[in-house]
Every structure is written in C-alpha cells, then in structure tokens.
Amino acid sequence: MRYYAIMVLLLCSTLTHSQNCDYSLSGSVLDLHDGQILVGATLIIAGTDQAVQTDIDGKFSFSNLCNDTYSVQVSHPFCRTEGFTVKIFGKTRRSFKLEHHVEELNQITIEGKAFSNKSKTILENTLNSDVLERYSNGSIGDALNNLSGVSSLNTGNTVMKPLINGLHSSRVVIINNGVRMEDQEWGAEHAPNIDINAIGNLTLIKGASALKYGGDAVGGVIIAEVAKVPVKDSLYGKSLMTMSNNGRGASLTAQLTKSYQNGWYAKIQGTLKRYGDFKAPNYILSNTGFFERNLSLGIGLNRFNYGFEAYYSLFKNDIGILRASHLGGAQDQVLAIESNVPLIINDFTYDIDEPKQNVTHHLAKIKGFKRFDNLGELEIQYDFQRNNRLEFDIRRGDDKNKASLDLQLDTHTLLLDLDVKAINKISLKTGLMASYQKNIANPETGVRRLIPDYDMYTIGTYGIANFKFNERWLLEVGGRFDYTYMNVFKFYRSSFWESRNYDVIFSDIVVEELNNQVLTNPQLNFYNGSGTLGSTYSFGKDYQLFVNYSIASRTPNPSDLFSEGLHHSASRIEIGDLRFNSEIGHKLMFSLNKRSEVFSYTINPYINVISDFIVIEPTDVRQTIRGNFQVWEYRQTNAKLIGIDVDASYSISENFIYNGQLSLVKGYDRTRNEPLINMPPVQIKNEIVFQKYSFNNLRMSLESEYNFKQNEYPDNNFEVFIPEIGTTKLVDVSTPPDAYHLLNFNSSIEFKTTKNKTFVVGLEIKNLLNTSYRNYLNRFRYYADDLGRNFLINLKFNY
Amino acid sequence: MKNVKFLTVLLLVGILFTACSNDDDAPIPVDEEEVITTLTVKLIPSGGGSEISMVYRDLDGPDGPNDPVITPSSGLSTGVTYNGTIRVENETESPAENITEEVEEEDLEHQFFYTPGGGLDVTTTYSNFDSDGNPLGTQFTLTAGAAGSGTLTFTLRHEPTKPNSGLSDAGGETDISATFNVTVQ
C-alpha cells in the first residue's frame, strides 16, 4: 500500500504544468471509522513544497493551486499514511479519511479509540489490559469486582458470578468477542465460561441500553473484547505467570500475534491454571482446587473497506466444590451451620473429587464487514457455541463416577448489523438477529433431568439513533423487539403434576402418561419489547452528565420455568412455574462525571423497577424419607432496586493517588413489602497508590475494603425435627454474617530488556491481615470462612 | 469483485445456519436409580413371638410433593429383646430394587443409627459390622425398657466418619431419616 502511494505521488508529480494558479483546496481530515476529526494530521502536496497540518477542528487549507490534478499525502501519528488524488477546480473542498488504527505495541494505548463506545448515554466502566493482567490467575468476576456497583455471587471461592447493581445470572448478559455467551448462565452456581487472559478490554454497562446485544439485560451488560491487531508488519506477544501460596498453584498464559501491513493477521493464545485446595485463615477448604485449560485462535483481514475475522475459543474447567457443603438434608444443615468449622477437613491435595463441576465451552465465529460509501458499514456474523456441563455428586453403587447432571447446550446465531453513515448529525444503527438453541439433557445420568430437552428459536431486530445537536449535547433513542419460541419435552413426576393442578390446566400438552411420570410438550411463545432513551450533556471544562432510561424484557429462563426437584448443592427442593411470563425492568439512571488531572469523580444514582420479577423463596418444609427439606418456589412479584455508585480519584502529589469507591443498593419486594434476598451489603473501598514512572514504573498500592453487614434481608428461617433431642430446632439460613474489613497490597516494577521487550515483576498480598470472614453473597457462608491470606508473585514478559 | 466475495460469504453463512437439522424425537424417561423410597424395620422377639414391622414409604421420593406413608409398629413389650433387620428399597422400579445389598457391599461408607426420643426407653446394639470392625447396623438388637412412648428414628449416613460416638460426630450425609412413634407396654 505504501508503494502504491509513493508510485501515485511520483507519477502525478510529473503532471504539473504552469498555468493560472490562485485556486485553493480546503477541507478536513476524518477518522474513517466514526467520522471523528483528526487533529494534527500532516498533508503534503507532491510536486510543490506545500505542507500543512490540520487545526484543532481537523481543518486544513492550501492556496496557490492550479486547476490541475494533484497528489496529496495525508499522515497522522496514529494512522497509516495514505495518498489521494485530487482534481482542483476553483475553490475545491475535499475531506480525507484515514484509518485510525491502534498502536498496541510498547504499551502505547489510545484511550477511547481502540474500542468504541457501546452505549452513548450510559457512563461505561472499562477495565483495560493492565488491570485485567492483575487478575490473570482469577476470573472475569474477580476483575469486575474492581468496579463500583459490581459484586459477585460466589459458590465457595471457585465459582464467581458477576452481580451488577444487585442482579445476576440471566439478568446479566455477557458478550464475548461479539458473541452473546450461552453458557447456561441461568444457574447461580454457574460461572461465566470466559478466559480472562483472552480479553483485551472489559466494559460494563449498568443497564439494558446496549440494545445491539439483546433487550433482556435487566441487570446490565458485560462486554469482553479481544485486543485489536494493528495493521502493520509485526510479530509480538506476551507471557504471564502467577504463582500463589494459597491453593499452592500457578496460572500460566501466553499469546502471540502476527500481523501484516496488508491487513492480514493471525493470533494464538492459551492459558493453564492449576490449583489445589485453598485455605481459610484457620483451616483447609477441602476439595476447592480447580484445573482450567483454555485456548483461542484467530485469523482475519482488516482492510479499509472490508474485512473478515474467524475466531475459535475453547474453555475447559474442572472445579472442586467444597466437600463440607454437600448435605443430605435439613438435619445435616443444622449441624453444618452450628459448627464453626467445616464438618469435613482433609489434608491438602491437588485432587478434585466429587462434588465437582466439569464445564467445556466451545465458541466459533466468523464475521465479515464491508463499508459502502453511501450507506455505511454492513456486518454479518455467524457464531456457534457448544456448552457441556457435567456436575458430579457424591453417589452410591454403580453410579459412583457418573455425572448427576449432563447438559449440552448448542447455540447458533446469525447477526446482521448496519451502521448507517452519519447524515446531518444523525447516526443510525440497526440490525437483525436469528438464533437457534438446543438443550440436550443426557438421560444416562440416572437422575431426572434438571433442565428438560428443548429447542428454542429467537428472532430479534433493533434500531438505535443518535442525534448530536452540538459538540456538547447528544440524544440517543433505541428500540428492540424479540420473539422467542420454545418447544420443550419435559417429564413431570405424576404426583407433582397433579399436586400443582397442571393435569387440569395443561391437560392438552400431555404426550404420554408413564408409570410415575408424565411426558409433556409445552410450546411457549414470548414477545419482548425493549428500549432506551438517553442523553449526554457536557458542561464546564470537564463535567459530563448522563441520563438514561431503559426498558428490558427477559424471557423466563429454563430453571425459572421447569425446576422440579432436589437441588443438592443448596440442599433444598426447587420448584419452577410453567405459567411465568416475561419479566420487565424499567431502569432510570443518572451519572455525573468530572474528569480532571487532579480530582475526578463519578456519582451514579439509579432506580430499577421490575414487574413480574422472578424470585425464589421458601414456602414449605417437606417431610421425606431423607428427613426434612425446605421447599423453595419461584414466583413473580414486583421489585424495586435503588442504589448509588460513587467513584473518586484524587492526585495528592506527583506520585501519590487516592482512589475511593462506594456501592450501595437496596432491593425490595413491593408486593410483600419485604427486602429481597441476596442484595449486596454496602461496600466502601479506599486505595492509596504510589507510582513513580522514572523509577522503572514502580507501582505500589494498598487497598482497604470494608463490607458492612447486610441489615435488610427476608426471614427464611425454618424449623426442623432433630431426632437426637426429640424436638424441633430453628435453622437460621437468613441472618447475614458480620461486617468485615480486608487489606490488600499490590506492587509491580518494570524492566526494559531491549527496545521492544519489557519484563514486569509483581508482588501481591490479598487479605494481608489474614482476617477470618464470611461473605453474605457466598452461598457457602454457612459452612466455611472465606479465603485467608494469599501471597502472589506475578511475572510478565512482553516481546 | 469485492461485492461478489462478500455475497459469497453471506451465502455460505446462510447455508450453515439453515443446515442445522431439527429432530423432534421425544426424549426417553429417566428412572431414578439411587432413590430410596422405602425403609422396612423388622423386629423379631429373641425368645419367640410375633414379628413387629415398621414401614416408612415415600413413593414419589424426597423431591415429590406427597408425604411419606408411615406404618407404625404395634407395641413393644417391656424387658423383651428383639433382633432387628433393616431393609432399604427403591420401589419406583419394578420389581423393587433392594438397596440394602448396596449398603452392605459399601459397608465402610455407610452406618445406621437408632435414636430414641421423647419418653421412649429402649437400648440398641449393633449386630453387624464393616470390614474394619466398625458398626454398620443393617442388623441390630433392641431391648425395650420401662413402659412409655416416644419416637424412634432410623438414620442412614453416607460417608460418615468411622469410628464415631454417634450421630453428632459422625458427619457424612443423611440418606435416610425415618421417625416412627413407638410405644413400650
């Protein structure tokens, strides 16, 4: 391409003649991708000695030109230099577009350019690769915990589920490299199947306004993107290794990218993590190790006007589940709760025994885009995902090594997106989505299916328009419609079928009546509308105000609809309801954002009113041959969540920075006038960072994290008969644990080995004071303390 | 040319998408293999006499909404020693699966416990043991003491700590917990 430009310049330079030459050329230089102005671009007219730079508005002008054809070379520090041919006729106006590509090498990052905004009227929180690398040995849940308003619903220390403004699971949509994750996210103990090391950028949107990705994000959207590849001849990579004493394990990840000037690129990345049993301050948490293996491959072509990308990733994880959490009923639960230490503590081991999870997630996608001059950019994507989840319980006899749950979820999605070229300050994005999903529950487990076999078809369409009234004021309006059809084959236990009166209400869906089961064929239709309306206004020198209202509609997930049985890891019976309709959330949020060198802050209050909110709560205690079990039933109610997230950052001196964070959310069931369960307690974080660029980019930080005791919670306690004492006892499953305070230390120092190679060494200490604590949002808080002190050594090599 | 390429890709992707087959075969039912529905305790007076039996039957399993059906014992006689046997079955299968055999095969991982409650005065001792010599308890002896009535609970623990001094430090998971009202006359 460069040769071509020079050839054009050479050829054209010979064509200049002397004639009447008092004409001019003026215009602006723009970013090809989003039409933004490029300041400081250099324009040179071949054959003359004229060279100018674009001004603060991206404008330039040449004078003393003849009516002739000229060659103009346009260059910009962050763009590839391009040659253009211009025919001058009088006062000529012309705009040039450059591809504003990314220089990722040598850690030069261009904020806000590498990854485009997903929603224009919600303040996005972004974690870049520097932050993500600090969590290389953890999960995306760990990294997201860094942001205000985000916490996680944990199952022990190995399964972390992001919780955005109090909501989780299928209310949080996760987009992995442009693909909507379908990894059985309905389960509260199913962690997202994403390798944090495959991601270059993680964006959080605390609302449903990113309509491109779906209209059902009642809680929010998490967008994980892979790092962009620069359009230049290069070969680069990085390796990271983290060793930690808690869990006595290590995480190793490496990636390599080869790119070419002509736009072709290929990349490969892999991660290996192996940990044994973790430790609480006073004891070993038996069977909490994990073994994760990930791989991703990508190949693509990036040209000015067209390109394509093919991507494949594999995520595989074996996760141990705390042995002491596996209970046989309410009597066992009483013992487990009354004991201060887990009832089973074994010696340290790397072995992962039952209970355990084994998940495999394949993701393959192919994407192409083409830019049409008059229309805009058209993008088409097909993706396929296969999620296989095996859960192993402690079993007896021949079934000993057999999974109790074996689900395979296949999803095919076709996306067509059109990014219409901006006309008169209005830009428009629109698209179509069609997907087909098939869930297969393996009957060979010998355990009745938790989630039935089903086929699900979804089609959706959306449109989002932006009106940019002026540089300071932008309005965004969007709408989306989705239609979902589910064709389900579900076996109901005959006694359940009759006790719920389904035999009368749903007699038409019965396919076959068996010995003690009924085969049914529910066919469900859901019509979901969603929308967003928002505005952004910039004022003063560095203030921005965001206002956004969004409506989200969520189709009930399979567990909401079809659960009907014992949930081992929760030691309770869970019952769904076939009659549920879509849950509709209305979220209104404001953000005031100040960005300046010395003091920056964000204040973000919000209210989320959700009708037909699906909650699960205890309704009964059932007497069974295994003793008493608590029965939890899903029901629909009206809910209200109110909260505020505050972030602040202050530069105390040249080398010292203070960061502060407050997250507060309150959730209520408006029908019953009681608090919602599992709402994150108030959290305050304070951090002092010392950073000295001149001294090998030394960075040291000390973070204090204070979690209050949740004082608002529903009373779900129940009574259970204890044979030893011949009477009943109250089981306290409601009272949240006490407040706790944690200190975390983090440091890193950088060494340049050669021009393009850096070596970074880091030391991190989590839970510095080895505090014993229990977290209200950890489902195993009844059985064991959370993690004790952990020393981590990080090594990173860029090449 | 570029447009042609692009359209070709579009077409190929379209074919991929529509090529997914759609088979509507009805799934096969799953019969729960490990479910315990029935506990039967038989007590035979050691000096001869009529057999006493107690049955705890939960035919739709622990997940099913129906309550267990409990057939209580006829009264025990003061001072009499009984030889007890416990039978555990899965009656959702036909014929019923005898789970006692499995429990006895995996004797190291199982143990029965007998817990009198209320005003019931009975004492129990184990009659069978695992390969390490620790109690298993599918067979036991029961001696009825003073007259009175109360509850008698049979508990089967899976993977308990062995040896142990009773339910409180046995740990493991409860596979069965069946309580009967019992009278000693």
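Two strands count as paired if DSSP finds at least two bridges between them. I applied this criterion to a predicted model.

**Entry 1: the hairpin and its neighbour**

I looked up strands E44 and E45 of chain A, which form a hairpin with 2 residues between them. E44 covers residues 740–754 and E45 covers residues 757–766; the two pair in the antiparallel sense over 9 bridges. I noted that A:Thr754 stands opposite A:Lys757 of E45(A).

I then followed E45(A) to its pairing with strand E46 of chain A, residues 790–798, which is antiparallel and runs over 9 bridges. In that pairing I recorded A:Lys796 of E46(A) as the bridge partner of A:Val760.

**Entry 2: the four-stranded sheet**

I next examined an open sheet of 4 strands in chain A, with the order E3-E2-E5-E6 and antiparallel pairing. Its edge strands are E3 (51–53) and E6 (82–87) of chain A, each of which pairs on one side only. Neighbouring strands of this sheet are turned by 25° against each other on average, with direction ignored.

Within the sheet I checked strand E2 of chain A, residues 42–45, which pairs with E3(A) in the antiparallel sense over 3 bridges. Here A:Ile44 has A:Ala51 in E3(A) as its bridge partner. For reading side chains on such strands, I kept in mind that in a regular strand they alternate between the two faces of the sheet.

**Entry 3: the nonpolar cores**

Which residues of the largest nonpolar core touch the most other members? I found A:Ala143, A:Ile175, A:Leu202, A:Val221, A:Ile222 and A:Ala224, in a core of 60 residues. Strand E36 of chain A, residues 599–624, gives the most to this core, with 6 residues. Domain 2 (105–223) and domain 3 (224–798) of chain A each supply at least three residues to this core.

Leaving aside neighbours within four places in sequence, A:Val221 is in contact with A:Val173, A:Ile175, A:Ile205, A:Ala210 and A:Tyr213.

**Entry 4: the contact of chains A and B**

How many residues does each chain bring to the contact? I recorded 54 residues from chain A and 52 residues from chain B.

How values were computed:
Residues numbered from 1 in each chain as written. Chains lettered and ligands numbered in written order. Predicted model: local features only at pLDDT ≥ 70, side-chain atom pairs only at ≥ 80, totals over all residues. Axes fitted to C-alpha atoms, helices over the stretch in contact; angles between N-to-C directions. Contact = placed C-beta atoms within 7 Å. Core = buried A, V, L, I, M, F, W, Y, C linked by C-beta atoms within 7 Å. Buried ≥ 20, exposed ≤ 12 C-beta atoms within 10 Å, placed from the backbone. Domains from an automatic or database assignment.
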